[in-house]
Amino acid sequence: MTLTPAPRYVCPRCRSAFGELSRYCRECGADMHRASALDAAARSGVEGGRAATDAANAAAGREADRRLSESNRAWLGKIVDGRYRVIDVLGRGGMGVVYKVEHLRMGKIAAMKVLHRDLADDPDVISRFEREAHAVSQLVHPNTVQVFDFGAAQGALYLIMEHVRGQDLQRIVDRDGPMPWARVAPLLIQIGGALQEAHDVGIIHRDLKPDNVIISRTTGGRDFAKVLDFGLAKLEHREPRPDVTDRAQIVGTPYFMAPEQIRGDEVDARTDIYAMGAMMFRLLTGEYLFTAGSAVGVLTKHLTVTPDAPSQRAPDRGLDPRVDHICLRALAKDPADRWPSVTAMVQEIEEVFAELVGDASSGGRVIARSAVIEDDDDDEPGATALELRRADLDSFERGLRRRRWTVAGGALLGLGAAAAAVGWVLTRPSPPRSEEAEPNDEQAQATPIVAGGEVTGLLGRRRSVTEGDRDMFRVAWPIGSRHLVTTTVTAPPNVDVTLGLRRDDGGVIALANDGGVGDRERLRRRWVEGPLLVEVAQVATTGGALPVENVSDPYVLVVQEETDEPGWESEPNGGGADATPIAAGGTVRGYLDARSDVDVLRWTGPAGKVAVELEPGPIPMTWTLADGVVRTAGATVTLAEGALISLERSDRDDGPGPLPGVDAAYAITLRPAP
């Protein structure tokens, strides 16, 4: 028995590795003909300790992974946010590296996706990451990989996700070839269920492909699909209107991209339906919908070439014309000609499956299960007793809150009155302060403050050669309480500051870094729950410059509670899941006080013509509907019930600099039109 892993073909641009050489990289579209097979045995003696690890992986039946750099491996053994120990590398994708982690207090296993470090250097990306991660963490469908937590650590953004055992669909098709309709239909229905839940709250996947679907097995031996990476694909790219010829600007994977996505047009749920059709074609035929000698060639075919029916490409598979119809309608060039929703496509798949295969099959039982979200998860694979689940975290947090209230009391009951008095003196919380108390670089050292008053501090002694001072503050609101907060911080004249809000467990609520050197930062009307941590820090240096140590010019921090007034927006409201409702004749006022700020409103009036009146004041702003038309002034439009209206700054892509109207409020009114 040899311990030598199979040769891998490595992309010369993004370093993704594949078992077989294709014309171009599935991750970034680079020319794979310039890549060569890497024989693990030829290199196994070169890298010392890494060789031993690779040999151990091979002995355990795991494939050696040559895609990982030393910086990736440097995470191993680290403790992230005081809660997660990094214990192994699971793989690498287009967005970052995935690690196996252990929750220190519970001993449960989860997966941590660390996004590429260059993403964390962009304040716009950080803001979008916060918004997308918060929305995705609300998804609960059993066929969606659950996101439990997110934040920033070691200069990178991370997500804590469900650890799913299984293989991705891409690998299964590469290994086994095309699948029969009796197997494909139940998988598509499960995937469709996950997509529909996301679409219902305004989340578009944007990069649906076989690589992002993990297949495990139920206790009954049936396929169970889990969809990865909802809403994260767009974090990698900054330009809203990409050029087709520039692969680095395109959100998605060439084999599965819809025409409107390639053109840089507005995307919606029908974009995911196209990707689902392309994936259906791949599963049924074992081939990609379009192939060419370059990524641009494939993208061009998506735009111009009429797709084959699956039965044309795989005539020996015996595919029914009704199956062809489902796939080809999903692949229509014009989104208006596709299935109107994933639900409509899934219903047709169910009907054709029942007619061709029958409800008595194992696939029929999978369909019945995936059509609804059930409380009984006995037959669902996924987490074992050692793997982290959402219920574990919820239970742990509740227990932690109970222990915070009972540990001190239990100790006092076991001691005499004198010992109790001494314990109280030693453990009583510090009184609130109006100025920072060093050291307060870490959460456990946070300076106690109260809302409503000014707090001063200094960004003095740097933490390292590249990291400036960081000051942490804590507002000790009761656990379970909810507060609407506006937080502002001034900056010393020679320092560029950042402002962050964190939960009591260290998780990120919001980050602000729009101002430049000497500019104030603000986070307005943000909902927080329970104890609040506030972080004031200096922007990380670039180009080798040392962080500034200003010991004479204080900053001023203010945490102010706001009133939840009717007709005012509150954050977060950047997506369909948390959109601000606006009724017929109603007015919503709000702020666009960050370049990346997006305020989403949900129309609660009846379907029909609506007159939109916009009062932007000094704010350069635009508004859009699902049609993607960018409007800068009032207009009369036709709205469906529940339609979403997105408001954002028209100068969001102008780069650093003063923000016109940063302290002004806009007003938007919607009235039924004749």
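**A close look at an aromatic pair**

Modeller: Tyr255 is buried, and so is Phe256. Buried means under 20% relative accessible area; exposed means over 50%, and partly exposed lies in between (1.4 Å probe, protein chains only). The model is predicted, so a local feature needs pLDDT of at least 70, a side-chain atom pair counts only at pLDDT 80 or more, and totals for chains, interfaces and linings use all residues. Residues are numbered from 1 along each chain as its sequence is written, and side-chain values use heavy atoms, with hydrogens and water left out.

Now the rings themselves. Two numbers describe such a pair: the distance of the centres and the angle of the planes. Rings of Phe, Tyr and Trp (its six-membered ring) pair if their centres lie within 6.5 Å; planes under 30 degrees apart count as stacked, over 60 as edge-to-face, and the rest as tilted. That rule gives five aromatic pairs. In one of them, the centres of Tyr255 and Phe256 are 6.3 Å apart and the planes stand at 70 degrees, so the pair is edge-to-face.

A charge sits over a ring if NZ of Lys or CZ of Arg is within 6 Å of the ring centre and within 35 degrees of the ring normal. The charged end of Arg524 sits over the ring of Tyr591, 4.2 Å from its centre. Arg631 places its charged end over the ring of Trp623, with 5.2 Å to the centre.

Next, the salt bridges. A salt bridge is a side-chain nitrogen of Lys or Arg within 4 Å of a carboxyl oxygen of Asp or Glu. The structure holds 32 of them. Helices (H or I, at least four residues) and strands (E, at least two) are DSSP runs, numbered from the N terminus. Take Arg338 and Glu260, whose side chains meet at 2.8 Å, N to O. This pair links distant parts of the chain, 78 residues apart: Arg338 is in the loop between α12 (321–330) and α13 (342–356), and Glu260 is in helix α8 (residues 259–263). Arg338 counts as buried because its relative accessibility is 1%. Glu260, at 3%, counts as buried too.

The bridge between Glu435 and Arg433 spans 3.9 Å, N to O. Glu435 is partly exposed at 42% relative accessibility, and Arg433 is partly exposed at 36%.

Arg522 and Asp663 form another salt bridge, their closest N and O atoms being 3.6 Å apart. Here too distant parts of the chain are linked, 141 residues apart: Arg522 lies in strand β19 (residues 521–529), Asp663 in the loop between β28 (644–649) and β29 (666–672). Arg522 counts as buried, with 11% relative accessibility. Asp663 is partly exposed at 43%. Shared partners join Arg520, Arg522, Arg524, Asp593 and Asp663 into one network of salt bridges. Arg524 is also the residue over the ring of Tyr591.

Now helix α6, residues 169–176. Its buried residues are Leu169, Gln170, Ile172 and Val173. Seen down the axis of α6, they fall within an arc of 165 degrees, so they line one face of the helix. The arc is that of the directions from the helix axis to the C-beta atoms. The buried residues of α6 pack against β10 (167–168), α7 (181–200), β11 (213–217) and α9 (269–285); contact means heavy atoms within 4.5 Å. At the start of α6, a side-chain oxygen of Asp168 comes to within 3.0 Å of the backbone nitrogen of Gln170. Gly177 follows α6, and its phi is positive, near 85 degrees.

Last, the backbone. Most residues other than glycine have a negative phi, and most peptide bonds are trans. Arg206 has a positive phi, near 80 degrees. Arg206 sits in the loop between α7 and β11 and is partly exposed at 22% relative accessible area. Arg525 has a positive phi of about 45 degrees. Arg525 is found in strand β19 and is buried at 4% relative accessibility. A cis peptide bond joins Glu438 and Pro439, with omega about 0 degrees; Pro439 is in the loop between α16 (417–427) and β13 (447–449). The bond from Glu571 to Pro572 is cis, omega being near 0 degrees, and Pro572 lies in the loop between β21 (555–561) and β22 (580–582).

Terms used: A polar contact is a pair of N or O atoms within 3.5 Å; within protein, one must be able to donate a hydrogen and the other to accept it, and residues adjacent in sequence count only if both atoms are side-chain atoms.
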